[in-house]
Each structure stands twice: as structure tokens, then as C-alpha cells.
Protein chains: 2
Amino acid sequence: MSTLIFGHQSPDTDAITSAIDFAEYKKQSGDSDVEAVALGELNDETKFALDFFKVPAPRVIKTAANETQHVILVDHNEAQQSVADRDKVTVDAVIDHHRLANFETAAPLFIRMEPIGSCNSVIYKMYKEQGFKITPTTAGLMASGLISDTLLLKSPTTTDEDKQIFAELQKLADVDLKEYGLKMLKAGTNLAAKSDKELIDADAKSFEMSGSNVRIAQINTVDLNDIYDRQDAILAAMQEEKDADNYDLFLVFATDILNSNSVGYALGATDKVEAAFGKKFDANKRLDLAGVVSRKKQVVPPLTEEFAK
Amino acid sequence: MSTLIFGHQSPDTDAITSAIDFAEYKKQSGDSDVEAVALGELNDETKFALDFFKVPAPRVIKTAANETQHVILVDHNEAQQSVADRDKVTVDAVIDHHRLANFETAAPLFIRMEPIGSCNSVIYKMYKEQGFKITPTTAGLMASGLISDTLLLKSPTTTDEDKQIFAELQKLADVDLKEYGLKMLKAGTNLAAKSDKELIDADAKSFEMSGSNVRIAQINTVDLNDIYDRQDAILAAMQEEKDADNYDLFLVFATDILNSNSVGYALGATDKVEAAFGKKFDANKRLDLAGVVSRKKQVVPPLTEEFAK
């Protein structure tokens, strides 16, 4: 009956490494009966990171209550992004860096959330406050989450504190983090190897916005032409998924991680998307999202406000 | 347009001193454009504490959006316990030690919640982590909040960490905290000076439990006979308020702070109360709550679970 620690569904590198790094934090706190697990298979970027630092992939779980009564959430807090049977277990703690929504408890709990670039940044601060040891491997995993979520400190979610943490992690790590980071990000952009469905599922999150069921997926690439070339097939896969899961809006945006620009595709409440960004979809069904790279900071807030109108 | 910092409605000593202590924390962080305010008049216990340490009472506000766009919540997070127009301002931060409910944001924010005895305990830890200065006055205010919420470390909400913090505050304060604390608690129990309505309003909080509107008030006393003597009038005042505000359940429990026992009165869904505590109201309409002193830890969780059935 270990306490299970996990990040969100469709896990990204910050979700997976946060779970591993916080499990280590709990062990150093004297609570060794914890296990980092995942709510889905690792993506290519995360596989690259764990392979690089020779850390085994966490076990994938679908439900929690069949094996524990206590869980800790990292890198998320919203019910629809969490384990399916969360209401059957007790959430002991949350470490996160997103908005707060769809989360209620019956009793007091530990929560640490900060509006900074990665969940690993928050966890790094907690290690430091407690004077806990950060091995080169843990530093590498923390940096991987930070690099992934901030696109190597280029996303607008990057704070001065993240930059400082990156510099401190560089001193603790055994590897040149910038060079490693670019390799890791590129490892996650091998779009040719993925089906259209895999592309729109890999980094997708669901949001409830004023009663509407909104799905937002992000695809990282080093060349937007790789998206344009298969645009019709991607839109068809989106339509199929939207029909199956009853999304009021399905927004997919592809991000050029080298130039920090995105292009959006949407099905459903496209009027809300146009109003949120003050732009129109063009004749190619694309919405130009110049400068947009962060779902959390640049996409979710304006859409949330638009749905609240 | 200062950022306003405030605790919950019907403020108690921990709510008021947390706002003052966190405003000072923000100032030491270099953010001096903050003001501690209150969502209601001070109770007698809190007045005693502020008078004792010669600290002026915070200004009382009814709404926030008319004077600021940014607020910080201390000692609460639930909408129905907060400022009436909270949805019109941005919550920058929450420091709390209660359950989490009825709170959503559009964007990431700072949250620090811990399941410990007082909000001031959390704030004390934050001061310490940052190496901020704690004056004898601030130590006295922090101790006042901790003493009030834990009934001088006797409530079951008291953790080992709270006891350690109390000992550390004793070293920083200019006064014998145990002797001062008992005087402060007694100053809050002058029931004779209060109307029946004042008694049931002074430390009352509203909760939404599975769609039901639940009101729970606590009255501290050093002699439960002071409650029994005016029980009929208290029940009449409860009935009037329940009708006016449409509570599905109005539970008032009077706590003997010297002996750590309570007696409960309820109107509305009394069956839920009886089921939650596994006891029946007696012929005098009283529910014996031996050993119960904490709304947060001993009353809200079993009731929440009962309403969820």
C-alpha cells in the first residue's frame, strides 16, 4: 500500500520526472513507502531523457484505488487530467505549477503551487529549503522537466527564478544542459514515426471551461511543414476524436520550437478561439499564433475567459 | 491599487493575524504595495490580541474589485467564505491550512497549504525559509493565531510541527505565551455581552457539501452552562437565520475550551449530523460531542462524507 506519486495523463517529461524527483524527496524526508508511477506511456522525448540518465521508466497505472488509499499529484491538479478513480483515494499532497480547477478535498492537505516554468522548479526549491541532496542524475531529471516545459527557457512561462534554477542545476549535473536539452527536445519531434492519432493524443489535456468540454493538444516540431503536409489527415483524426469524446472544442496547436511560433487548428467552437486570440482562421483552416508556445500561459487563460463570457 | 490580503468572513484571530503577518512577509520580500484588510469586524479575542501587541485593527472591506485587481487569500480558499466579488479580481496567492473547495483560477498562481494547526504556522515556516526577520510583535501575533486555532495546542489539529513552532515563537516573543494565550482565549468567551445572533454569527462558516448549503458555527466558552441557560433563544436565532439564508443544515457547536468538549445544536438535516457522529440528539436537543473541538478536523470531514452518500 505504497503512496503513489504521479503526474497528469498523456504524461510529458515534466510530469514523469516530477514524480520520480518527488518520490526521492519523500524518501529523503524519511517516508520511503512511496512509488512514482505514470498515467500513460512515455513519449519519445521522455524516453530519451530517462535513457540518457539510465533511470527506469515508471510503471503505468490506470486506476489507483485497487492498490492504495493515498496518492500525491505532481504537475497537475484537475480531475479530468488525473487518475480515473481519484475520488476513491485520498490526495495527500499536490505539487504543481498550473491553474487550479476541478479539485476539492474533504480534509486539509499539503499543496505547493507556484506560477513558474516547471513542476520540477518547485520541487527543486523544496529540496533546497530542506537541504536535501541532489545527485547529478536527479539534477539531470529536474533539468529535463524544466527544459521540456520551457522549451529551453524560451517559453514566456520561464521566470527569472527558472533561469537561476537552471544555472544551479548546471553546477550539479554531469552534462552540458543546453546541448543535452536541444537533443532531448529534438528527440520529441520525430513526427514521421507517429500516426495522426498519436500526434494529437501525445500531449493533450482536457479542460472544463464554464461547462464546456475543451480539449487542447500541442505538437512540438522543428519544421511546421511536417504538419502542413499531413494537415487533412490530422483534421480528420481530430474530427473522429471530437465526435467520440463529445468535445465542445478541440484545439490542436503545432509549435515550431526553434522559432517559438505556433499554428492552430480547431474543430467545434472555433468562434471562441478566434475571439480569444483576436484573429481569424485563414483559408487553409490555420490560425497564425505567432509567439505562442505555452498552452498554460498563452492559450488556456484567454480561452477560459472567452468561455466565461 | 495595493494588493489586498485578507482572511475569511467572520474573521477569527488566525484569519486577522495571518493577513497582518503575510503583509509583513510581502514587504520583506520587496513587495511593499500590499495592505492587510478584514472581511468583518474583529471578535473580542482578536481585539484583545491586537490591543495587547499595540497593532491597529485592519480596515474592513465588503468588496475588493472597487479598489484593486489583485488579492491574496490567507486562512481560507472557499468562495463562500471569501470576499463577495472574488470572481472580479485575480487571486495571486493562497496561504491556508483548510480543505480545498470551491476555488478555481484561470491562470497559475502561488499556493501554499499545509495540514497543520494554524495558517500562521505556515507563514512562520515561510519566514524561516526566507530568513526573514520576526520581531517580538510579529512573533506575538503569529502565536495568537496558533493559540486561537489550536486552543493552546490542545486541539487535535495540533501537529508536532505546531508545538515546535510554538516553542520557537516563545524564544522570539516578549511575553509568556501560555499565560498570555489563556487570557486571550478567555477574552473571547465573554458570552454575556453578546446577543444570541452575535453568538451564532461570530465564528460561523458556510460550506457546500454535495450541493447542500451547510452552515457551521462554533462558540467557545469556559462554562457550557452559559449556553444551556440561553439555549431556547439561541435555537430561535438559528431558526431565523436558517430561514433567511436557506441553509439545508445549520449546526452550532459550543466548545468548553478548558475541558475540550463540545455540545451541538442543529436545525435542518439533523439526520446527517446524527449519522456523521453516530450519536442521537438528546431530549434537550443537544448532541454530546465529547472530545470534539475542531470544526475543520472533527466536524467538516464526517459531515462532508455523510452528505456525499
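Is B:Tyr25 buried or exposed? In this predicted model, B:Tyr25 has a relative accessibility of 9% and therefore counts as buried, the cut-off being under 20%. B:Phe22 is buried as well, with a relative accessible area of 3%. Both residues belong to helix H1 of chain B (residues 13–28), where they sit three residues apart, about one turn of the helix. An α-helix has 3.6 residues a turn, so residues three or four places apart point the same way.

B:Phe22 and B:Tyr25 form a stacked pair, with 5.0 Å from centre to centre and 15 degrees between the planes. Another arrangement is found in chain B at B:Tyr247 and B:Phe250, both of which are buried. Their ring centres lie 5.5 Å apart and their planes stand at 65 degrees, so this pair is edge-to-face. In chain A, ring pairs join A:Phe22, A:Tyr25, A:Tyr127 and A:Phe132 into a cluster.

Chain A also holds an open sheet of five strands, in the order E7-E8-E9-E10-E11 and with mixed pairing. Strands E7 (204–209) and E11 of chain A form its edges; each has a single partner strand, so one side of each has no neighbour in the sheet. On average, neighbouring strands are turned by 25 degrees against each other, direction ignored. A:Met209 stands opposite A:Ser212 of E8(A).

Helix H10 of chain A (residues 270–277) lies across E9, E10 and E11 of chain A, and runs at about 145 degrees to E10(A). Its buried residues are A:Val273, A:Glu274, A:Ala276 and A:Phe277. Viewed down the axis of H10(A), these buried residues fall within an arc of 165 degrees, so they line one face of the helix. Their cover includes strands E9 (249–256), E10 (261–268) and E11 (287–289), together with helix H11 (295–308), of chain A. Just after H10(A) comes A:Gly278, with a positive phi of about 65 degrees.

Finally, the two chains can be compared. Chain A superposes on chain B through a rotation of 180 degrees with 0.0 Å of shift along the axis, at an RMSD of 0.0 Å. The two copies are thus related as by a two-fold rotation axis. Among the residues of chain A, A:Arg112 comes closest to the rotation axis, its C-alpha lying at 2.4 Å. Of the interface residues of chain A, 100% are also interface residues in chain B, so the copies meet through the same surface.

Methods:
Residues are numbered from 1 along each chain as its sequence is written. Chains are lettered from A and ligands numbered from 1 in the order in which they are written. This is a predicted model: local features need pLDDT of at least 70, side-chain atom pairs count only at pLDDT 80 or more; totals for chains, interfaces and linings use all residues. Side-chain values use heavy atoms; hydrogens and water are left out. Buried means under 20% relative accessible area, exposed over 50%, partly exposed in between (1.4 Å probe, protein chains only). Helices (H or I, at least four residues) and strands (E, at least two) are DSSP runs, numbered from the N terminus. The arc is that of the directions from the helix axis to the C-beta atoms. Contact means heavy atoms within 4.5 Å. Copies are superposed by least squares on the C-alpha atoms of residues with pLDDT of at least 70 in both. Two strands pair if DSSP finds at least two bridges between them. Axes are lines fitted to C-alpha atoms, for helices over the stretch in contact, and angles run from 0 to 180 degrees between N-to-C directions. Rings of Phe, Tyr and Trp (its six-membered ring) pair if their centres lie within 6.5 Å; planes under 30 degrees apart count as stacked, over 60 as edge-to-face and the rest as tilted.
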